[in-house]
Amino acid sequence: MKAFRLDELEAERAANDGAYLQFLRERNMSVGLYALDAGDLDSQKPHQQDEVYFVVSGRASITVGMETTPVARGSVVYVPAGVAHKFHHITEDLRVLVEFSPPES
C-alpha cells in the first residue's frame with residue numbers, strides 16, 4: 001500500500017519551490033499536487049493525457065476548451081487529452097490533486 005498525507009505533500013512541494021509535485025507514478029496513472037496562490041497565473045499547456053482535478057482547497061474558475069465553471073473545495077473536473085485548460089480568477093489559495101492517465105510524460 002502507498003498512503004500519503006496532504007500536509008506532508010504540501011511541505012515537500014513548497015520545499016522544492018514548485019507549483020507541482022508528482023507523488024505517485026504507476027503503469028497506468030500518475031498523481032500530483034498542484035498549487036496556485038490567490039492571484040497567480042496558471043501557465044500550463046494542454047497535456048497528452050486525460051486528467052482529473054480534485055480541488056482540495058481554495059476558490060477559482062477553470063476554463064476547459066470553451067467552457068468555464070467556478071471551482072472550490074470538493075469540485076472534480078475532467079479534462080480530455082489535448083484540450084486547452086487554465087485555472088483563473090484564483091481568489092483563495094488553490095490546492096488540487098491531479099490524476100493523469102496514462103502517467104504524465
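How many residues lie between S1 and S2 in the hairpin that they form? There are four residues between these two strands.

## About the model

Welcome to a predicted model, in which local features need pLDDT of at least 70, side-chain atom pairs count only at pLDDT 80 or more, and totals for chains, interfaces and linings use all residues. Residues are numbered from 1 along each chain as its sequence is written, and side-chain values use heavy atoms, with hydrogens and water left out.

Helices (H or I, at least four residues) and strands (E, at least two) are DSSP runs, numbered from the N terminus.

## Strands side by side

Strand S1 covers residues 20-25 and pairs with S2 in the antiparallel sense over five bridges; two strands pair if DSSP finds at least two bridges between them. Within this pairing, Leu-21 stands opposite Leu-33 of S2.

S2 also pairs with S6, again antiparallel, over seven bridges. Here Ser-30 has Phe-100 of S6 as its bridge partner.

## A covered strand

In a regular strand, side chains alternate between the two faces of the sheet. In S2 both faces are covered: Ser-30, Gly-32, Tyr-34 and Leu-36 are buried on one side, and Val-31, Leu-33 and Ala-35 on the other. Buried means under 20% relative accessible area, exposed over 50%, and partly exposed in between (1.4 Å probe, protein chains only).

## Two nonpolar cores

A nonpolar core is a set of buried Ala, Val, Leu, Ile, Met, Phe, Trp, Tyr and Cys residues joined through side-chain atoms within 4.5 Å. The largest one has 16 residues, and those touching the most other members are Tyr-53, Ile-62, Val-71, Val-77, Phe-87, Leu-94 and Val-96. S2, S3, S5 (76-79) and S6 (85-101) each give two or more residues to this core, and S6 gives the most, with six. A second, separate core has six residues, including Leu-21, Phe-23, Leu-24 and Val-31.

## A closer look at Thr-63

Thr-63 sits in strand S3, residues 50-64. Its side chain makes a polar contact of 2.6 Å with that of Thr-68. Such a contact is a pair of N or O atoms within 3.5 Å; within protein, one must be able to donate a hydrogen and the other to accept it, and residues adjacent in sequence count only if both atoms are side-chain atoms.

Most residues other than glycine have a negative phi, and most peptide bonds are trans. Asp-17 has a positive phi of about 60 degrees, and lies in the loop between helix H1 (6-15) and S1. Asp-17 counts as exposed because its relative accessibility is 75%. The bond from Ser-101 to Pro-102 is cis, with omega near -5 degrees.
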